[in-house]
Amino acid sequence: LQVEVDENGKIVDARFKTFGCGSAIASSSLATEWVKGKTVDEALKIKNTDIAKELCLPPVKLHCSMLAEDAIKAALADYRLKQDPNKEESEKKA
Amino acid sequence: CVPQDPRVLDSMLPYLTAYYGNPHSRTHAYGWGGGGAPGKGTRQVADLIGADSREIIFTSGATESNNMAVKGVARFYKSRKKHIITTQTEHKCVLDSCRSLETEGFQVTYLPVKKNGLIDLKELEAAFQPDTSLVSVMTVNNEIGVKQPIHDIGEICRAHKVFFHTDAAQAVGKIPMDVNDMKIDLMSISGHKIYGPKGVGAIYVRRRPRVRLEPLQSGGGQERGLRSGTVPTPLAVGLGAACEVAQQEMEYDHKRISQLAERLVTKIMSEVPDVVMNGDREHRYPGCINLSFAYVEGESLLMALKDVALSSGSACTSASLEPSYVLRAIGTDEDLAHSSIRFGIGRFTTEEEVDYTVQKCIQHVKRLREMSPLWEMVQDGIDLKSIKWTQH
């Protein structure tokens with residue numbers, strides 16, 4: 001998951017690449033749609049259960065939504081890491 | 001996805017409408033009308049495999065036949081023999097039957113296979129014990145299409161005086177099978193795999209030298225006491241007809257299917273890089289092709305090709321989230337196992353269907369690779385094996 005964050009801490013763009021089944025691809029895609037326009041803190045609140053509910057994922061595919069939640073957290077953690085000590089706009093790869 | 005041959009349906013219809021007598025009732029005309037039919041069916045099945053009609057028993061399908069062969073033989077000889085040899089790539093019903101026997105106190109050797117999917121004959125030789133009662137090796141594998149060296153296995157089993165069973169569900173009617181030539185003692189046959197009806201199969205049980213087995217089903221003693229239950233006449237007739245048709249069409253079908261398979265594989269591999277064929281290139285049945293498309297996951301490709309009947313060895317497609325055990329047995333890299341697709345080409349597959357499938361496959365593999373982080377990393381020259389993935 002790749003996110004672009006502006007100087008105000010707002011996510012202005014997000015892109016994904018996924019090696020996985022249809023549910024994994026859908027979960028990743030939905031994640032990028034949801035984080036756009038949110039602040040980093042708001043985006044960190046997204047839960048895998050929200051993604052699963054939106055996509056009506058069957059029980060056997062629940063872990064795909066977990067993949068998406070983890071990717072959001074990892075991307076934003078990586079962004080936070082790179083903010084120290086710079087406060088510039090940066091493009092991160094998760 | 002195997003359709004029924006219309007000639008098979010034609011043969012069955014009279015027995016679903018007019019001739020409905022119980023084939024085992026010998027005292028009235030209804031029985032006489034229905035009675036001879038299963039007999040003819042056994043002759044047609046027997047002819048296809050070089051057996052005697054008295055050695056053919058109708059079952060509900062190859063699953064039942066496999067259960068009968070494995071459990072039946074093992075249990076009959078259990079007072080003196082408690083060991084069975086099979087392979088790691090058998091159909092689930094054979095493997096499950098073996099597991100079940102293990103809980104009964106039997107010992108089972110699951111032979112590994114080489115990277116090409118074939119067993120090592122030396123390992124088979126070494127596996128024999130004085131108390132081995134049965135060897136069970138499938139002729140053609142349903143996932144990767146490889147063909148085991150049945151002639152050689154038969155010879156080895158004969159030399160050791162151990163019964164040889166083969167699950168021939170994917171082979172009968174498609175490649176020449178001869179129980180005497182191949183020294184086969186038991187064989188499982190599936191109706192719907194050879195364009196016959198679902199719900200019926202057969203088991204070949206050798207009479208000379210006599211193979212004994214403990215029946216799975218108790219009852220009225222039909223089928224030489226080996227499989228009680230009224231023989232389903234229309235289905236038996238259908239299976240017989242399917243075998244007769246298969247014998248007529250075998251050579252032509254094989255040639256046509258080989259050409260279509262070659263067409264599919266060549267076209268895909270010439271347009272798309274990093275495609276691996278799973279299983280030996282030579283010792284195979286051409287109609288079952290298993291390809292791994294690196295950096296693309298199987299279920300996502302299946303979804304894209306949803307108007308074509310295909311399957312995948314990917315974990316995502318199984319309810320247990322386990323990848324294909326057959327691919328694991330041939331040593332396929334885990335990523336490639338998740339990227340596998342099985343293509344089935346048969347008597348009714350047209351050239352248009354093959355071309356359509358190829359075109360869609362190429363299109364979607366390219367699309368999914370654009371979406372794949374693995375493909376991107378490889379293009380950038382990164383060694384995927386050096387990546388540290390986050391665990392979940």
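Which residues does Gln170(B) touch, not counting residues up to four places away in sequence? In this model Gln170(B) touches Val140(B), Asn142(B) and Lys193(B), where contact means heavy atoms within 4.5 Å.

Before I go on, this is a predicted model, in which local features need pLDDT of at least 70 and side-chain atom pairs count only at pLDDT 80 or more, whereas totals for chains, interfaces and linings use all residues. Residues are numbered from 1 along each chain as its sequence is written, chains are lettered from A and ligands numbered from 1 in the order in which they are written, and side-chain values use heavy atoms, with hydrogens and water left out.

Gln170(B) lies in the loop between strand 5 (163-167) and strand 6 (186-190) of chain B, strands being DSSP runs of E with at least two residues, and helices runs of H or I with at least four, both numbered from the N terminus. Gln170(B) counts as buried because its relative accessibility is 16%, and buried means under 20% relative accessible area with a 1.4 Å probe, protein chains only.

Turning to the interface, 20 residues of chain B contact 13 residues of chain A. About 1300 Å² is buried between the two chains, with carbon and sulfur atoms giving 65%; this is the accessible area (1.4 Å probe) lost on putting the two parts together, summed over both.

The rule finds two salt bridges across this interface, each a side-chain nitrogen of Lys or Arg within 4 Å of a carboxyl oxygen of Asp or Glu. One of them joins Lys17(A) and Glu376(B), at 3.4 Å from N to O. On the chain B side, the elements giving two or more residues are helix 8 (298-304), helix 10 (334-338), helix 11 (351-370) and helix 12 (373-379).

Notes. Buried < 20%, exposed > 50% of the residue type's maximum accessible area, 1.4 Å probe, protein only.
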